[in-house]
Amino acid sequence: MEHNTKPVNAVEMNGIVKVFGNRPVLDQVNLEVEKGSVHAILGENGAGKSTLMNILYGLYQPDGGTIKINGQQVEMKNPSTAIATGIGMVHQHFMLVDVFTVAENIILGQETTKGGAFLDMDKAKQDVLALIEKYGLDVDPDAKIEDISVGMQQRVEILKALYRGADILILDEPTAVLTPQEIDELINIIHNLVNDGKTILIITHKLDEIKKSADKCTIIRRGQYIDTVSVKDVSQSDLADMMVGHQVNLKVAKTLMNPKHVIFEVDDLHARDVRGVEVLKGLSFKIRSGEIYGIAGIDGNGQKELLEAITNMIHVQGGTIKINGKEIQNTTTWNTITSGIASIHEDREKRGLIPDFSVEDNFVLETYMKNPFSIKGLMKQKAISDFAKKQVQEYDIRPNGCEKDLIRGLSGGNQQKVIIAREIANNPDLLIAMQPTRGLDVGAIENIHKTLLDQRDKGKAVLLISLELDEVMNVADTIGVIYDGKIVKEMPQDQATEHEIGLLMAGGSANE
Amino acid sequence: MNKFTSLLRKPITGTIIAILMGFLCAAVILACAGYNPIHALSAMLQGIFGRPKYMANIIVKATPIILTGCSVAFAYKMGLFNIGAEGQYIFGALAACLTGITVNLSPWLEIPLILLAGMAAGALYGALAGWLKAKFNIHEVISGIMLNWIAMYFSNFITGMEAFHKPNTSGTFPINVSGFTTFFPNWKATEEAAQFMKDNPFLGDILRTDFNAGIIIAIALVLLSSYILYKTSKGYQLRAVGSNRYAAEFAGIDVKKNIIETMMFAGLLAGASGALAIMGNNPHAVLEIAAFEGNGLNGLSVAFIANGSPIGCIFSGLLFGGLLYGGQSLQYVVGAPTEIVNIMVGTIVFFVALKDIIPVIADKMEHRAATKKLVDQKEGASS
Amino acid sequence: MLRKKLFKAAAAGLAAMVCLSGCAASQKKEGTYLVTMVTDTGGINDQSFNQSSWEGLESFNQKTGADVRYIESKQASDFTTNMDRACDAYSDLVWGIGFSLADSLINIASYNPDIHFAIVDQSFEDTPMNVTGVTFRAEESSFLAGYVAGMSTKTDRVGYIGAMKTFVNDQFEYGFLAGVQFAAQERGVPIQVDEQFTESYSDVAKAKAIANKMYSSGCDIIYHSVGGAGYGAIESAKENKKYIIGVDSDQSYLAPDNVLTSALKNVNVAVEELSTKAMNGEDIGGKTFDFGLSDNGVGLPKENKNMDPEVYQKTMEVQERIINGEIDPPSTEETYKAWLSENGIQ
């Protein structure tokens, strides 16, 4: 009866509870999604939004609560049930076979056959082409995955879900890997899908995208359901406040830089990646004392190799890297560190920490052999503890008094604080931060940006390499755009526009 | 509840449960094979604790495997799997034996000299595997297995050489008595000693065995390994590389150098094990062998049961030695095949491998309790 | 809850301990004669001495009802402890299988003057009163093997693979050489013998390589006395489709079409006979028993399907002549040279 008066919701999740270990990650969360709408799930990292969607997709079993799809109660035992009920999901990390073509990837697992055993590729391709046409998902069905861009791969994932008959599409952080132009295209695609009656769920923590694309937004904070709002009724900062639970400053408060002499200089650097392909093709830039130099670019244009070349993890084939006038290329990592360069690697867990060591032991990863932490080869645990205690206080690393705990138990933001505290304690002339805020929530991001600015204001040089254009725009004093192993353009931050940088990142030029 | 689950979380709990499960499985297998399990296991325990000399023999048996176990554990702390301990043991034993045959000094010089020779040979052999890994990225398990065979055939070759081969035996000459670590080796052969052993059954019982000072050296080396690992900056480095070599590399630690040094020290321990076996056990000589004696390979199990802790190897080595030795009385008294003991050891290792499941069970129990509490609270609030 | 569980566990453990002290100590049935053998590192199923000895003891047990047991040694360091354990169980007779156990046996025997010890394949210069050595006149069976080879060869060229120059190996080597020459004299043709040593009882690959070389250089029959390494030689015989003479036990099951015969060392016969003697109270201590063809301690198998029956017939005649002392097969280089000149062979 009720159904007649009120349109049926595509998704209804009621009182969802999920406990990991003894820690509740979702506590009585509700979600109602109208059919044919774009619904955003907003929350900080670790708020539980991905968990909620994984429950909807059948990857996790809830410890409580019910799920209704189009008014019917469903028990999501596994993703197969979810697909059968018309739910599709596009994960942050694509699940595609690199050496297969687009069409082959789309039909994988759902192959149409003729005569019972033989692939009917022609029929499959026609079906795929029809979908491409219908929703304006511009991809070549015969191209191999390894040859197409990340944005196109994402479209393939969307096509895969549609091919399996998805009416409800979950997109997990869909814009994390896209250029600004690609983001615009994605938003177009989403509109096309909705016009055809599909329902879209987007997991994100990017406020501007919600404003651009979503109709409604459900906010989750630390596993608790906060509210569901109509996007057009609220402002970005309202959303941010609800997400974080307190007032946040979206822009970094920043004074003008006061640069002096050149501290760090990279000149005509050539280097190859692990496969032996040249990825740095004559890269050059300079950083002065008191300057934050931001490198903007899309992943895979040489950022990783640049960091590895500076830290001497790889050898370079040509060019020089100079710190305070001293060449350090093709020496040892230890030489990089002792020459006054501290670096924060993008892969925190792999390159930055010893997860099975205590917090205090992680603090001395580069100084353990120095007085006072060790004397004549013997570790002085007391000195290490004292130092760690001081740093934990100073950088407000939580939980308080965690020095003896294993560092793997800390949250990502606090782990990152440990790394930054450790690196800055070396009193480096140059601090390199690659993706320092990746996977961190708004509060932690703010904190880390402040630390970078502090370094600058102390007269040090800072190199910020980030895939988040916003971050570079906000924090850097000078912006260099990296494309195909070169800095294609360099500009002071106040003269840069997001549009221009976006074009440069994608290999275009500002004059086009 | 919390107390119980936190007890379950302790690593030692898992190990003890694993050992009990091993005995249980052995009992079931014995019963299936038609032997009275209680009788059998009691025969085994009798064979372990029944007389002072049994325990002395177990200590003798445990001495080499405590050290090879420690060798494996030490290398494992840095993420290396020292399957080559067997070869390092063989090399250590061989070098010790040749030194003991050719050099004859006073015991105070002879014993340290033989030990040093064994340690040096083992260390070099271990470093070779480390160097292959660091330089050519050859996995230490592959090179270790190959080097084990090379060591065995090399040892057989030397054993057969005229200069060292004792005629009409399958082994070398025994080392000079000054290199024996057994107590009072010369005196033991006298009439006076025979009388003494008769008059003092307890001491006599022990003196008749190969009970020797090697265990003291072994424990000292284990303590040294533990000290190096946990108290020195070198040990910090090793553990850092072992736990996350990528981060260690990024922090400027020379990973390759550490690999070689670690394998060298692991080889030193295994070599010391071989030297102690030569000095402490009859026939105080290297025999020609057709198959590995297993002192190095048993070290893998010992290290595993000890959960990779060098000090734990002392205890798991004694346990292992007890099982090996007591297992023989199982066979002798009950007539059960020694394979039962091997099955028992296998089950223990198997359950030790599975023991990580116990903290998971503890998590599950806590999870269930937490969920229940949460639901109860909500229901309480809403009603 | 936890405390209760601990208590229960402790109670169970205590119960087990009580049971233990109750049912332990019964190591030997009163009034039975207990014989224990300690194997060498080959294990009980080694298809060789250990197995053969155990067969002897089992047969001894069936005939007399005595208690028989064995202990396997896994490592050389087990020899002493296993001997010791056998003594703890109040064994009346302890066997050591193989000369490797000699040192341990003498050592333990000195602590246990009331227990009797016997060892296979070993004699002592000064045998303690409670120790018995057992040796085999392998030269006799090897002589027969050599005779068979000499009579059967078509190429008049045979091979011998030895382990290493030791007292024991000399018996095989010179017995065989003499047997071949004896057949050559009878047939009136010269027969060449190729000889090579493996320097090991375990190096299967080397034995195989040597055999391959011998076969390819014209030998059609090989005799080996290298224990376990001999598998390699037998393998080679199979691959080259040539004949091989086995050693110690009847090895024809390893290559039914290629094993011509085997020079047996009937350890089981010796073990059974001496065990029976000891049980009957005969004083066997302080000396070495030497087993030969006359007491069936060595010999050839009765079934030899690859051998010409006529050759077998002749061989049995030679065996008779050895038993009655007409032929005295040499066992050392010296006696071999003497034997050659005695029989007018250059």
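Start by selecting strand β23 of chain A, residues 478-483: 5 of its 6 residues are buried, so the strand is largely enclosed by the rest of the structure. Keep in mind as you look around that this is a predicted model.

**Stop 1: the neighbours of β23 in chain A**

To see one pairing, click on A296(A), whose bridge partner in β23(A) is V481(A).

Which way does β24(A) pair with β23(A), parallel or antiparallel? The pairing is antiparallel, over 6 bridges. For one example, select T478(A) and find its bridge partner in β24(A), P492(A). As a general rule, strands of a sheet pair through backbone hydrogen bonds, and they can do this in a parallel or an antiparallel way.

Next, zoom in on the turn. The hairpin of β23(A) and β24(A) has 2 residues between its strands, and in this hairpin D484(A) takes a positive phi near 50 degrees.

**Stop 2: chain B as a whole**

Hide the other chains and colour chain B by secondary structure. How many helices and how many strands does chain B have? The count is 18 helices and 0 strands. Of the 383 residues in chain B, 56% are buried. If you look at contacts in chain B with a separation of 6 or more, 80% of them come from residues 24 or more positions apart.

**Stop 3: where chain B meets its partners**

Bring chain A back into view. Here 22 residues of chain B are in contact with 31 residues of chain A. On the chain B side, select α12 (233-243), α13 (245-250) and α18 (357-382), each of which supplies at least two residues. Which helix of chain B gives the most to this side? That is α18(B), with 8 residues. Coloured by class, the side of chain B that touches chain A shows 9 nonpolar, 7 polar and 6 charged residues.

**Stop 4**

The contact between them takes 7 residues from domain 1 of chain C and 6 residues from domain 2 of chain C. On the domain 1 side, those residues divide into 3 nonpolar, 3 polar and 1 charged.

**Stop 5: a sheet with helices packed on it**

Still in chain C, pick out the open sheet of 6 strands in the order β2-β1-β3-β4-β5-β11, with parallel pairing. Its edge strands are β2 (67-71) and β11 (287-291), each pairing on one side only. Neighbouring strands in this sheet are turned by 20 degrees against each other on average, direction ignored.

Look at β3 (93-96) and β4 (116-120) of chain C, which run parallel and are joined by 4 bridges. Click on G96(C) there, and you will find that its bridge partner in β4(C) is I119(C).

**Last stop: helix α7 of chain C**

Select residues 204-216 of chain C. Helix α7 has 13 residues and reaches 18 Å from its first C-alpha to its last, close to the 18 Å expected at 1.5 Å a residue. Which residues of α7(C) are buried? They are K206(C), A207(C), K208(C), I210(C), A211(C), M214(C) and Y215(C). Among the elements covering these residues are β6 (157-162), β7 (192-197), β8 (221-224) and α8 (230-240) of chain C. Finish at G218(C), which follows α7(C) and has a positive phi near 115 degrees.

Technical notes. Residues numbered from 1 in each chain as written. Chains lettered and ligands numbered in written order. Predicted model: local features only at pLDDT ≥ 70, side-chain atom pairs only at ≥ 80, totals over all residues. Expected span 1.5 Å × (residues − 1). Buried ≥ 20, exposed ≤ 12 C-beta atoms within 10 Å, placed from the backbone. Contact = placed C-beta atoms within 7 Å. Nonpolar A, V, L, I, M, F, W, Y, C, P; charged D, E, K, R; others polar. Pairing = 2+ DSSP bridges. Axes fitted to C-alpha atoms, helices over the stretch in contact; angles between N-to-C directions.
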